[in-house]
Amino acid sequence: MDTISYKEAANSFETAFPIGNGRLGATVFGGVNSQIIALNEESLWSSPFINRVNRNCWKDYAKIQELYAGNCEREARERIRESVDSVPGSPAWYKSAGTFHIDFFSSAERTPLSGTESSMLVYERKLDMETGIASENFSIESPKDSTAIFSRSASIAGGSNVSYSRDIFASASDDVIAIHLGASLPRNIFLRAGFESDGQTRTVFALDEDTVALERMDGIPMCAMAMACCTGGSCCVKGDSLIIEGADDVTIYIDIETAYRSGHYRRSGGNVSRTAKSLATFCADKALKKLCFAQAKPYQSVLDDHASRFSRRYRRLSLQLSDKKQEQAWKYSRYRLRSSFGEEASLPPLQSGLWSRPPEAAGNGRAQEADRLRYRIQDLYALPACEYGLEKNYATLGRFIKAFRKRSFRCAKDMFQCDGSLAYGTSDLWGDSALSDEDAAPFAPFGAIYAALSLKKYYDYTLDKKFLKKHFRLLAGPCEFFASFTPPESYSDQEQALIRKLFEAARDAGR
């Protein structure tokens, strides 16, 4: 069994366990007295589509060429700043969906579960990469005396010692995040749980005595919802928190929905007449429906369905190396890619996968520019999905390419009045292809080339002619652009080799 285990809770984002099903993701930090779960959803980005193309570019391009030819580089750079640079300079970025905090107690008086280090007997947290389940197991010395309520299981638990288990996974079958909490003795689970978010316009409310929801209207409207189901004990909502007291075991299901899941919202780039509040309500209705379906099933059925589906894909490929550390690193990389390329995915993963660092993990209340994640088209080309046996899930790139193709053809026309498609190095979920602050060379738009080569790479592995025919226009588009575009300076040998590779790939695909 492929596992990673630690004897202590995670003290940083890098050592926390990632889980995901392609659409939903979470980073599990672990902990005895409290649990922090950072949440993510693949389509939660900072804003609807914004057309950032500077339409003055083609008007001044001839003048910029003259300045380069006359070695007036300083004036040329000033012209580029005025006429070529996009407004605003950066596309949308991938956002955290917030965190789900769980505080654990030993009694209804809100006494911490483990008051002192001496009360802790054993602790282990483990990630099973074959099933995608992050688990936590520990035993503590209970402050309660052995009474009649404990006598039935005292021989198993060892007197007043209590063993706790926690399993967290992003279900590949029910498309929800499941958190299961158990104890070796009855009536020993006391907790308080709720959402926390850095959203500027957010609302936390209770739908019922077992359900809390978080709505955010900034950026792409969304709703995160948690529904609890417990055996024994009581469950209620106080303020914006779920309160569970004296339960034998507890299952909490979490779902995150965004307005991107609405077909009209997605096709229009998020620029719709509906208010952000009504879109967040649409997300809440969808999340509630999904949670109700999941809760209607026995937890063991949800667990077995997920483990069976996840492991079936994971076991498609195996690798044995003489260096066990390298083998473990390869397995962990493949697990992260598998969790980001799951069946529920509709977008390709970012370079970091499905997970983004929550603001509190970054040490501040607001994401800095360096922490803002976006698609880098060259990284999409370098994704080892086919090599890792995940070529079926690689088709998610095709859905992204559909939007990317539309924006790139428009960008070539608006910027340089050229046929074909043009794209720079970074993009967002809307397929933005305009110049970004991160692009150092405004006249070397090679993003469309890497996107085209990604499609050819996928075809070389799968020989899927239907996929190639559907997206062949994206292969031909960059060829049309570079056949008619004249840069102010000649390209380097490496850049010319990349363009030559594009034309060869388009020729082979045409055949």
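Student: Why is Ala505 called buried?
Tutor: A residue counts as buried under 20% relative accessible area, as exposed over 50%, and as partly exposed in between, with a 1.4 Å probe and protein chains only. Ala505 has a relative accessible area of 7%, so it is buried. The residue lies in helix H14 (residues 493-510), where a helix is a DSSP run of H or I with at least four residues, a strand is a run of E with at least two, and both are numbered from the N terminus.

Student: What kind of model is this, and which residues count for its features?
Tutor: The model is predicted: local features need pLDDT of at least 70 and side-chain atom pairs count only at pLDDT 80 or more, while totals for chains, interfaces and linings use all residues. Residues are numbered from 1 along each chain as its sequence is written, and side-chain values use heavy atoms, leaving out hydrogens and water.

Student: What makes Arg55 count as partly exposed?
Tutor: Its relative accessibility is 44%, so Arg55 counts as partly exposed. Arg55 sits in the loop between strand E4 (34-41) and helix H1 (57-69).

Student: How many disulfides does the structure hold?
Tutor: The structure holds zero disulfides. A disulfide is a pair of cysteine sulfur atoms within 2.5 Å.

Student: Which cysteine is buried, with a relative accessible area of 2%?
Tutor: That residue is Cys411. Cys72, at 33%, is partly exposed.

Student: What makes the span of helix H10 close to the one expected?
Tutor: The expected span is 1.5 Å times one less than the number of residues. H10 (residues 396-416) has 21 residues and reaches 30 Å from its first C-alpha to its last, against an expected 30 Å.

Student: Where does H10 bend?
Tutor: H10 bends by about 25 degrees at Lys402. The bend is the angle between axes fitted to the seven residues ending at a residue and the seven starting there.

Student: How do you know that strand E7 and strand E8 pair?
Tutor: Two strands pair if DSSP finds at least two bridges between them. E7 (residues 133-141) and E8 (residues 161-170) have eight bridges and run antiparallel; in this pair, Ser135 stands opposite Asp167 in E8. Seven bridges join E8 to strand E9 (residues 177-183), again in the antiparallel sense.

Student: What do E8 and E9 form?
Tutor: They form a hairpin with six residues between the strands, and Asp175 in the turn has a positive phi of about 60 degrees.

Student: Why are E2 and E14 called edge strands?
Tutor: They belong to an open sheet of seven strands in the order E2-E3-E4-E5-E10-E15-E14. E2 (17-20) and E14 (234-238) are its edge strands: each pairs on one side only.
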